[in-house]
Amino acid sequence: MEVRLVPELALAVVAGFVGGLAARRVGLPVILGYLFAGVAIGPFLPAGEGGEIRALAEIGVAFLMFALGAELSRSDLGELGRTAAIAGTTQVLLVLLLGPAIAPLLGLSLAQGVFFGALLSLSSTVVALKLLMARGEAQSLHGRAALAILVAQDLAVV
C-alpha cells in the first residue's frame, strides 16, 4: 500500500501547488485552487481497494486541522463560546431538520434525510477561516460570528 500511495500523494501535492498558483494568479484565495485541484484529479485516482485514497484523505484532514490550530488560540476559542453555543447549535439543528423535511422530495428515506441534513449542516472551518483572513474580515464582528458557528459545527461532528 505504501508504495502505491507515493505516486498518488505526489500527484496531489503537484496538483495542489498548480491549483494554488493558478488561483493566486487570477486573484482567488489559494485554498480554492487546492479544492479545484482535488476535484480535477479525483476521477483519475484509483478507487483503492486497499484504502490508499482513504489514507490520503486522512493526511489532508490532518493538514487542515493543523492549519486551523495554527490560526486559533485558546483565548480566541473562549471568546467564541457563547456565540458558538447559541448560534452554532441553532444553525446545525435547523439545517439538520431540513434534511428529513426535503427527503421525500428527493426520494430518500427518513434515515437518508437525516444523514443528508447532517451533511448540509457542516462547513469547512479551515476554508472559511482562510477566506475570511484573505479578505481581512477574520477579526470583524461578522467574521467572529461565522467562526463561532464553524467551531460549533466542528464540535457537532465530534
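## A helical protein and its nonpolar core

The largest nonpolar core here brings together 7 residues: Leu-80, Ala-84, Leu-129, Leu-147, Ala-148, Val-151 and Ala-152. Helices α4 (74–106) and α7 (141–157) each supply at least two residues of this core, and α7 gives the largest share, with 4 residues. Keep in mind as you explore that this is a predicted model.

**The overall picture**

- The protein has 7 helices and 0 strands, so its pattern along the sequence reads α-α-α-α-α-α-α.
- Of its 158 residues, 27% count as buried.
- Take the contacts between residues at least 6 apart in sequence: 63% of them join residues at least 24 apart.

**How confident is the prediction?**

- The average pLDDT of the protein is 78, and 78% of the residues score at least 70.
- Among the elements, helix α5 (residues 110–120) has the highest mean pLDDT, at 89.
- Helix α3 (residues 52–71) has the lowest mean pLDDT, at 66.

**A look at helix α7**

- Helix α7 has 17 residues and reaches 25 Å from its first C-alpha to its last. That is close to the 24 Å expected at 1.5 Å a residue.
- Which residues of α7 are buried? They are Gly-143, Arg-144, Leu-147, Ala-148, Leu-150, Val-151, Ala-152 and Gln-153.
- A handy rule when you look at such a list is that an α-helix has 3.6 residues a turn, so residues three or four places apart point the same way.

**Where α6 meets α7**

- The axes of helix α6 (residues 125–134) and α7 come within 10 Å and cross at roughly 170°.
- Because angles over 145 degrees count as roughly antiparallel, α6 is roughly antiparallel to α7.
- On the α6 side, the contact is made by Thr-125, Ala-128, Leu-129 and Leu-132.
- On the α7 side, the contact is made by Gly-143, Ala-146, Leu-147, Leu-150 and Asp-154.

- Leaving aside residues up to four places away in sequence, Ala-148 touches Leu-80, Thr-83 and Ala-84. Leu-80 and Ala-84 are core members, as is Ala-148.
- Val-151 sits in helix α7. Val-151 and Ala-84 are 67 residues apart in sequence, and their C-alpha atoms are 6.6 Å apart in space.
- Arg-82 lies in helix α4. Arg-82 and Ala-148 are 66 residues apart in sequence and 8.4 Å apart in space, C-alpha to C-alpha.

**Buried or exposed?**

- Why does Val-151 count as buried? Its relative accessibility is 15%, and buried means under 20%.
- Why does Arg-82 count as exposed? Its relative accessibility is 68%, and exposed means over 50%.
- As background, nonpolar side chains tend to be buried together in soluble globular proteins.

Conventions. Residues numbered from 1 in each chain as written. Predicted model: local features only at pLDDT ≥ 70, side-chain atom pairs only at ≥ 80, totals over all residues. Heavy atoms only, no water. Core = buried A, V, L, I, M, F, W, Y, C linked by side-chain atoms within 4.5 Å. Buried < 20%, exposed > 50% of the residue type's maximum accessible area, 1.4 Å probe, protein only. Contact = heavy atoms within 4.5 Å. Expected span 1.5 Å × (residues − 1). pLDDT = per-residue confidence, 0-100. Axes fitted to C-alpha atoms, helices over the stretch in contact; angles between N-to-C directions. Parallel < 35°, antiparallel > 145°, perpendicular 65-115°, else oblique.
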